[in-house]
Amino acid sequence: MFDHLTLPVRDLARSRDFYMQALAPLGIGPAMEFPGVLALGREGRPQLWLAGSASVSAPAHLAFAAASRAQVDAFHAAALRAGGSDNGAPGLRPHYHPDYYAAFVHDPDGHNIEAVCHHPETL
């Protein structure tokens, strides 16, 4: 539904480091960069814009699609190593649907960042 989204961040350099590390396991990386903004996406397509801002409004919730449960696990571990704080360890959330497997972290600005896989576990 969305083409792209802009997320205001207080410290662009800090957020750049966090998102580059946290989203790498999901195949998301830098797409474009201009003074004061960085775009991230898959295959070079700018989908998430981080924009340096003196103030950040109420924290947002962003959920990123993961191709597998292993990617969700890797995202969570990478995000914690990058300085994020745990907001929900990887696991099933059956109250959404039986195969909703997700993990949640807070980024440096308190935004709730999620990776989710909707597929059953494969062996």
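User: What is the handedness of the crossing of H1 and H2?

Analyst: The crossing of H1 and H2 is right-handed. A crossing is given that name if the near helix is turned clockwise from the far one by less than a right angle, and is left-handed if the turn is anticlockwise. Helices (H or I, at least four residues) and strands (E, at least two) are DSSP runs, numbered from the N terminus. This is a predicted model, in which local features need pLDDT of at least 70, side-chain atom pairs count only at pLDDT 80 or more, and totals for chains, interfaces and linings use all residues. Residues are numbered from 1 along each chain as its sequence is written, and side-chain values use heavy atoms, with hydrogens and water left out.

User: Why is H1 called roughly antiparallel to H2?

Analyst: Helix H1 (residues 12–23) packs against H2 at an angle of about 155°, and their axes are 7 Å apart. Axes are lines fitted to C-alpha atoms, for helices over the stretch in contact, and angles run from 0 to 180 degrees between N-to-C directions. Angles under 35 degrees count as roughly parallel, over 145 as roughly antiparallel, 65 to 115 as roughly perpendicular and the rest as oblique. The angle of about 155° therefore makes H1 roughly antiparallel to H2.

User: Which residues of H1 and H2 meet?

Analyst: Phe18, Gln21, Ala22 and Leu23 in H1 meet Phe75, Ala78, Ala79 and Arg81 in H2, where contact means heavy atoms within 4.5 Å. By class, this contact has 6 nonpolar, 1 polar and 1 charged residues. Ala, Val, Leu, Ile, Met, Phe, Trp, Tyr, Cys and Pro count as nonpolar, Asp, Glu, Lys and Arg as charged, and the others, Gly among them, as polar.

User: How do you know whether histidine 76 is buried or exposed?

Analyst: Histidine 76 lies in helix H2 (residues 69–81). Buried means under 20% relative accessible area, exposed over 50%, and partly exposed in between (1.4 Å probe, protein chains only). Histidine 76 has 8% relative accessibility and therefore counts as buried. Leaving aside neighbours within four places in sequence, its contacts include Asp86, Pro90 and Phe104.

User: Into which class does histidine 106 fall?

Analyst: Histidine 106 is found in strand E7 (residues 101–106). Because its relative accessibility is 25%, histidine 106 counts as partly exposed. Among its contacts, with neighbours within four places in sequence left aside, are Phe18 and His111.

User: What makes E5 and E6 edge strands?

Analyst: 4 strands form an open sheet of mixed pairing in the order E5-E8-E7-E6. Strand E5 (61–65) and strand E6 (85–92) each have a single partner strand, so one side of each is left without a neighbour in the sheet. Two strands pair if DSSP finds at least two bridges between them. E6 and E7 are joined by 5 bridges in the antiparallel sense. H2 packs on this sheet, touching E6, E7 and strand E8 (112–117), and its direction makes about 10° with that of E7.

User: In what order do the strands of the sheet with E1 stand?

Analyst: 4 strands form an open sheet in the order E1-E4-E3-E2, also with mixed pairing. Its edge strands are strand E1 (5–9) and strand E2 (29–34), each pairing on one side only. E1 and E4 run parallel and are joined by 5 bridges, while E3 and E4 pair in the antiparallel sense over 4 bridges.

User: What makes E4 mostly covered?

Analyst: In strand E4 (residues 48–52), 4 of its 5 residues are buried.
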